[in-house]
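Please open the model in a viewer and keep the selection panel at hand. The stops below are meant to be visited in order.

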Amino acid sequence: MDAMRCQVCGHSAVEVGSGRVSWLLTKAVFEATGADSGRTNAPPTCPGCVDDALKQCPMLQDNATLFTMAAAMPAGVLADLYRPGRDLTPVLYGHNVFVPWNSGPAAHHRGALATCQVVHLHGMRAVTG
Ligand SMILES: [Zn+2]
């Protein structure tokens, strides 16, 4: 996701000229943090693959919106959280918990097993028409 590659074809999802990144989002994979910003664990989708993505992915068929982004910055991970059990066997106590990079030396990091990256999207514009 750091290279802004399309989740369907693997080519760049960055628009030549504007530098904006094409992204298909649903409520299930997006959390707004401002009027034009938010976090997601979904990778971008290039404009040429939007139709295929919508046809092939059942989750995207449920209210997907196409956006372009000015920037996407690493924000943290979704992780499963473990703590030592009685015999030091790891015990799961949190599933798909957002662990931000800027949380400092939080206790979550010690027992976190990351499952996917989360990026913070900035300068979001809905694509209409
Ligand atoms: Zn593509």
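**The pocket and its sheet**

Sorted by class, the largest pocket is lined by 6 nonpolar, 2 polar and 2 charged residues (Ala, Val, Leu, Ile, Met, Phe, Trp, Tyr, Cys and Pro count as nonpolar, Asp, Glu, Lys and Arg as charged, and the others, Gly among them, as polar). This is a predicted model, in which local features need pLDDT of at least 70 and side-chain atom pairs pLDDT 80 or more, while totals for chains, interfaces and linings use all residues. Residues are numbered from 1 along each chain as its sequence is written, and side-chain values use heavy atoms, without hydrogens and water.

Select A28, V29, F30, E31, R39, T40, N41, L78, F98 and V118 to display the lining of the largest pocket. A pocket is an open set of points on a 1 Å grid over the protein atoms alone where a 1.4 Å probe fits, with protein on both sides within 12 Å along at least five of seven lines; lining residues have an atom within 4 Å of a point. The space in the largest pocket is about 160 Å³, a volume filled by probe spheres set on the points, which are joined across faces, edges and corners.

Next, select β2 (30-34) and β3 (37-40), each of which supplies at least two lining residues; strands are DSSP runs of E, at least two residues, numbered from the N terminus. Extend the view to the open sheet of 5 strands, ordered β2-β3-β7-β5-β6 with antiparallel pairing (at least two DSSP bridges between two strands).

Notes. Helix = DSSP H or I, 4+ residues; strand = E, 2+ residues; numbered from the N terminus.
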